[in-house]
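Hi everyone, thanks for coming. Let me put today's model on the screen, and then I'll talk you through it.

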Amino acid sequence: MVADFPHLMSPLKIGARTIRNRVLVTGHIPGLEEAGHANPAFIAYHARRSQGGAGLQMTGTSGFHHTGHANSGRGIDLTQPGVEDGLGRLADAVHAHDGTFLVQLGHSVATVDYSDIGRPLWAPSPVASQVLKIMPRQMTRADIAELVAAYGAGAAKVRLSGLDGVEILGAFGYLPGAFFSPASNQRRDDYGGSIRNRVRFALEAAASVRAAVGPDLIVGMRIAGDEKMAGGLDNDDMAEIAALLSEAGSLDYLNVVAGTNYDRIMRWEHWPASPAPHGLFAPLAARIRTAVTVPVFVTGRVTDPGLAEQILARGEADMVGMTRGHIADPDIVAKVKAGEANTIRPCVGANVCINQAVSGKPVRCFHNPEAARELEFAADKPVTRPQRVAVIGAGPAGLEAARRAAALGHQVTVYETSAQIGGQLRLWANSPFAREYGLSVDWYEQELARAQVPIKLNTRLEPDDLDQIRADAVILATGSVPLTVRELPGKSGSGISMATPADVLMQTAGSGARHAVIADEGGRRNGLAAAEVLAEAGVQVTVVTGDPAVGEHVDGTVRTQLYRFLLQRGVAFRPMETVTGLAKGKVLTRNIYTGDAGEIANADLLVDWRGNRVVSDLEAAARARFAQVEVVGDSVAPRTVQIATAEGADAARRIG
Ligand SMILES: Cc1cc2nc3c(=O)[nH]c(=O)nc-3n(C[C@H](O)[C@H](O)[C@H](O)COP(=O)(O)O)c2cc1C
Ligand code: SF4
């Protein structure tokens with residue numbers, strides 16, 4: 001109910017404009033843009049979020065100069081002739097839903113690699129980022145003047161398009177931010193040294209944008225509330241900078257986040273994955289807010305409107321970003337208004353979306369198959385001839401298939417072998433880093449109950465049992481199970497027991513262990529999930545992998561936190577080694593490059609992770625009996641939750 005969210009649902013005046021509520025979708029690149037233009041898929045993506053009620057949205061980093069994102073093939077490119085036409089159609093689509101929309105001007109300085117197109121990086125000083133390690137060239141005064149003018153030229157195109165304003169991206173070590181920070185600005189001219197000098201470029205850029213768009217459009221800047229980098233700017237420094245930005249008069253708001261891409265940890269943790277705390281950057285914004293007169297926004301793992309309301313009520317910010325929240329569910333505001341906030345599909349912080357963006361691919365969500373596929377799904381309509389649909393297996397693929405088939409009007413029944421729904425996901429959610437993913441299972445459970453879909457638990461179906469099922473279509477979502485442990489030489493008499501990560505997650509192994517060795521040949525997260533559980537329980541853990549690094553396949557936004565968690569609990573990493581056998585109290589290893597033998601002493605548990613295998617024993621029988629059979633998720637091949645839910649949705653849409 002709106003009454004429960006009085007701050008969040010109240011309008012906010014920003015410059016000359018009024019935003020209908022305090023819900024912000026901060027800049028992000030959905031990866032749908034075409035050669036720098038807003039195409040129909042991109043427009044549909046953002047229109048959908050305005051339709052769902054978001055107050056203010058903006059593009060992700062948009063190029064405005066040939067040394068920044070322009071011509072990179074990523075995001076909107078304001079240097080492209082005619083770019084304002086697509087942006088104009090975007091303006092019409094967003095305004096039709098009473099939304100407000102800005103374009104974010106971004107220049108990534110030395111933090112994005114364009115060497116593939118032979119482009120040198122421009123930066124305030126020749127300082128390479130810890131991540132890229134590519135040395136930029138120091139901008140001359142002429143370069144600076146060229147860039148200041150380019151901000152204005154980009155902004156002029158935004159004005160032409162009919163959109164509502166511009167955000168200058170100065171967080172994450174992007175251009176004005178790189179001038180702010182002593183970690184990236186070592187200049188001795190009047191753009192370096194004192195804080196006033198380091199703010200000079202930002203003020204010139206903001207004035208250039210303001211001159212181009214006039215007084216009616218919104219102009220804001222995104223800044224770090226704290227760079228969280230050794231030698232960088234802290235919250236007090238940023239408050240001082242924010243005060244100078246605010247008092248100069250060109251900016252209508254400041255949008256606070258944290259971190260800089262110059263730093264090898266904050267490159268990943270500025271878009272924190274679960275289990276980072278929710279709303280973690282709000283205290284930084286609160287400090288900035290005491291130093292300025294313009295409205296202050298904040299973002300960072302605010303996934304629940306209740307927390308957004310609290311941040312506003314506490315006076316920590318004037319507007320709250322719920323960006324991934326809106327990737328997971330574009331209808332947050334609509335559901336709040338309808339008194340159905342409890343039905344919001346939660347953003348569980350899995351960061352599939354960010355991983356996709358970092359790899360230059362379209363956004364995908366862990367459990368919202370419609371994200372960045374809005375055009376396709378917009379055509380879905382309730383069916384005219386409902387079918388009886390049996391969904392066999394209640395893991396993520398089956399749950400999404402059942403939910404969507406029911407939403408389309410089919411008559412759905414779910415059959416599940418075990419006593420609970422959720423499949424491998426529920427199991428995995430027993431580990432500290434995946435606990436929040438369990439909210440996905442809870443959400444599906446609630447949604448299936450609301451749709452009155454019967455779920456027959458403890459119902460293992462053998463091929464002949466299919467004769468008893470009255471269905472027009474069957475969706476097989478029987479999933480996958482872990483490979484059993486290997487036969488290792490020397491096991492007998494070693495005193496070392498063996499288990500799979502699933503055994504540890506189900507607590508059927510590991511209790512009482514003193515030193516567990518994880519043989520992580522399967523990669524991804526499962527072997528490490530066992531390491532998390534055991535380390536959390538105080539067991540000594542050693543992770544062995546033939547890969548160059550432990551967690552090589554874990555995406556960067558999760559890996560930094562995961563390393564911290566494991567290393568703080570004394571977990572030992574043994575990369576580039578493979579387990580060859582067991583001896584009394586010892587796990588024997590071999591270096592994969594040199595062949596040298598090694599050993600890990602005092603071990604009493606070996607957790608053997610090699611991957612999952614498909615469970616598909618019903619497919620032939622189903623195909624012999626039913627007119628339509630769809631096989632989805634891990635039943636096809638063991639893959640990710642995101643692929644499973646997407647396949648479940650697509651299968652449901654094919655029924656009929
Ligand atoms: C797919 C994706 C792409 C992003 N690209 C940008 C970007 O281009 N510019 C930017 O300022 N932030 C970008 N971000 C960061 C978001 O603006 C935001 O800071 C981040 O998602 C944390 O906020 P949240 O917890 O509300 O999602 C991106 C985020 C996502 C999920
Ligand atoms: S992929 Fe994960 S982090 Fe991204 S929106 Fe979906 S649930 Fe949230």
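First, some housekeeping. This is a predicted model, where local features need pLDDT of at least 70 and side-chain atom pairs count only at pLDDT 80 or more, while totals for chains, interfaces and linings use all residues. Residues are numbered from 1 along each chain as its sequence is written, chains are lettered from A and ligands numbered from 1 in the order in which they are written, and side-chain values use heavy atoms, leaving out hydrogens and water.

So, how is the protein divided? The assignment gives domain 1 (2–376), domain 2 (380–482 + 614–654) and domain 3 (497–610); such bounds come from an automatic or database domain assignment.

Let's look at domains 1 and 3. Their C-alpha centres lie 39 Å apart. Domain 1 brings 14 residues to the contact and domain 3 brings seven residues, with contact meaning heavy atoms within 4.5 Å. About 770 Å² is buried between domain 1 and domain 3, and carbon and sulfur atoms give 54% of that. Buried area here is the accessible area (1.4 Å probe) that two parts lose on being put together, summed over both. On the domain 1 side, Trp 268, Glu 269 and Ala 273 lose the most area to domain 3, together 54% of what that side buries.

Glu 269 comes up again: it forms a salt bridge with Arg 564, and the closest N and O atoms are 2.7 Å apart. The cut-off is a side-chain nitrogen of Lys or Arg within 4 Å of a carboxyl oxygen of Asp or Glu. Between domain 1 and domain 3 the count is one salt bridge. As for secondary structure, helix H7 (266–269) and helix H12 (352–358) each supply at least two residues of the domain 1 side; helices (H or I, at least four residues) and strands (E, at least two) are DSSP runs, numbered from the N terminus.

Now the backbone. The peptide bond from Ser 274 to Pro 275 is cis, with omega near 10°, and Pro 275 is found in the loop between H7 and helix H8 (282–289).

Which way does phi go at Asn 351? It is positive, near 60°, in a residue other than glycine. Asn 351 lies in the loop between helix H11 (332–337) and H12. Is Asn 351 buried or exposed? Asn 351 is buried, with a relative accessible area of 3%; buried means under 20%, exposed over 50%, and partly exposed in between (1.4 Å probe, protein chains only).
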